[in-house]
Amino acid sequence: MNDESARKGRSQPATKHSALTVTRIGGMNALVLLLPVPDDAPELVREGLARRNIVNTGGTCPCGAVLRLPNLAARRAGVTDLSIVHEDDCPATDENVLSAIRRWGR
């Protein structure tokens, strides 16, 4: 990713299967690897992956889930655990997106 695209928050291909983008989360710059959303995937797979990308870049999932960062003191102490809690019926939960991918057969 070049400096100009990073400043403007533009995605650049990291591989043919993913993209990197720079965003601000919790007041900090973050380099985020976005999940590919295959055009030929079933609706639940596309929706689950798209919602994960929204939250991973600092947005809010339609179910209300947001990326929860450790507080500043914890981050300074080296704590890097992130928390994202989707509603149980959201297609972006681990269980729901993995189940949809398995049914799709990939």
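## Glu-47 and Arg-51

Glu-47 has a relative accessible area of 26%, which means that this residue is partly exposed. The structure described here is a predicted model. In this model Glu-47 is joined to Arg-51 by a salt bridge, with 2.8 Å between the closest N and O atoms. Both residues belong to helix H2, where a spacing of 4 residues puts about one helical turn between Arg-51 and Glu-47.

Is Arg-51 buried or exposed? Arg-51 has a relative accessibility of 15% and therefore counts as buried, since the limit for that class is under 20%.

## The chain as a whole

The chain contains 4 helices and 3 strands. Read from the N terminus, the order of these elements is α-β-β-β-α-α-α. Helix H2 covers residues 43–56, helix H3 residues 72–76 and helix H4 residues 94–104.

Of the 106 residues in the chain, 27% are buried. The accessible surface amounts to about 7,100 Å², and carbon and sulfur atoms account for 51% of that area. When contacts between residues at least 6 apart in sequence are considered, 32% of them connect residues at least 24 apart.

## The other salt bridges

How many salt bridges does the structure hold? There are 3. Side chains of opposite charge can pair when their charged atoms come close. Besides the pair of Arg-51 and Glu-47, a salt bridge is found between Glu-43 and Arg-46, whose closest N and O atoms lie 2.6 Å apart. Glu-43 and Arg-46 are 3 residues apart in helix H2, so about one helical turn separates them. Glu-43 has a relative accessible area of 46% and is partly exposed; Arg-46 is partly exposed as well, with 28%.

A salt bridge also forms between the side chains of Asp-94 and Arg-52, at an N to O distance of 2.3 Å. This pair connects distant parts of the chain, since Asp-94 is in helix H4 and Arg-52 in helix H2, 42 residues apart. Asp-94 counts as exposed because its relative accessibility is 52%, and the class begins over 50%.

## Arg-46 in helix H2

Arg-46, which takes part in the salt bridge with Glu-43, is located in helix H2. Which residues does Arg-46 contact once its neighbours within four places in sequence are left aside? They are Val-37, Pro-38, Asp-39 and Ala-41.

## Asn-96 in helix H4

Asn-96 is part of helix H4 and is partly exposed, with a relative accessible area of 24%. Apart from neighbours within four places in sequence, Asn-96 touches Asp-88, Asp-89, Cys-90 and Pro-91. The C-alpha atoms of Asn-96 and Gly-48 are 7.8 Å apart, while the two residues are 48 residues apart in sequence.

## The loop between H3 and H4

Where is His-86 placed? His-86 is in the loop between H3 and H4, and its relative accessibility of 13% means that it counts as buried. With neighbours within four places in sequence left aside, His-86 contacts Val-55, Cys-61, Cys-63, Ala-65, Ala-92 and Thr-93.

Val-79 is in the loop between H3 and H4 too. Val-79 has a relative accessible area of 37% and is therefore partly exposed. Its contacts, leaving out neighbours within four places in sequence, are with Pro-70 and Ala-74. Between the C-alpha atoms of Val-79 and Leu-69, which are 10 residues apart along the chain, the separation is 9.5 Å.

## A negative surface patch

Which residues form the negative surface patch? The patch consists of Glu-87, Asp-88, Asp-89 and Glu-95. Glu-87 sits in the loop between helix H3 and helix H4, and a relative accessibility of 46% makes Glu-87 partly exposed. Two members of the patch, Asp-88 and Asp-89, are among the contacts of Asn-96.

Technical notes: Residues are numbered from 1 along each chain as its sequence is written. This is a predicted model: local features need pLDDT of at least 70, side-chain atom pairs count only at pLDDT 80 or more; totals for chains, interfaces and linings use all residues. Side-chain values use heavy atoms; hydrogens and water are left out. Patches are made of residues with over 30% relative accessible area and no salt bridge: like charges are joined within 9 Å, nonpolar side chains (Val, Leu, Ile, Met, Phe, Trp, Tyr) within 5 Å. Accessible areas come from the Shrake-Rupley method with a 1.4 Å probe; for residues, only the protein chains shown count as cover. A salt bridge is a side-chain nitrogen of Lys or Arg within 4 Å of a carboxyl oxygen of Asp or Glu. Lys and Arg count as positive and Asp and Glu as negative; His and the chain ends are not counted. The place of a charge is taken as NZ of Lys, CZ of Arg, CG of Asp or CD of Glu. Helices (H or I, at least four residues) and strands (E, at least two) are DSSP runs, numbered from the N terminus. Buried means under 20% relative accessible area, exposed over 50%, partly exposed in between (1.4 Å probe, protein chains only). Contact means heavy atoms within 4.5 Å.
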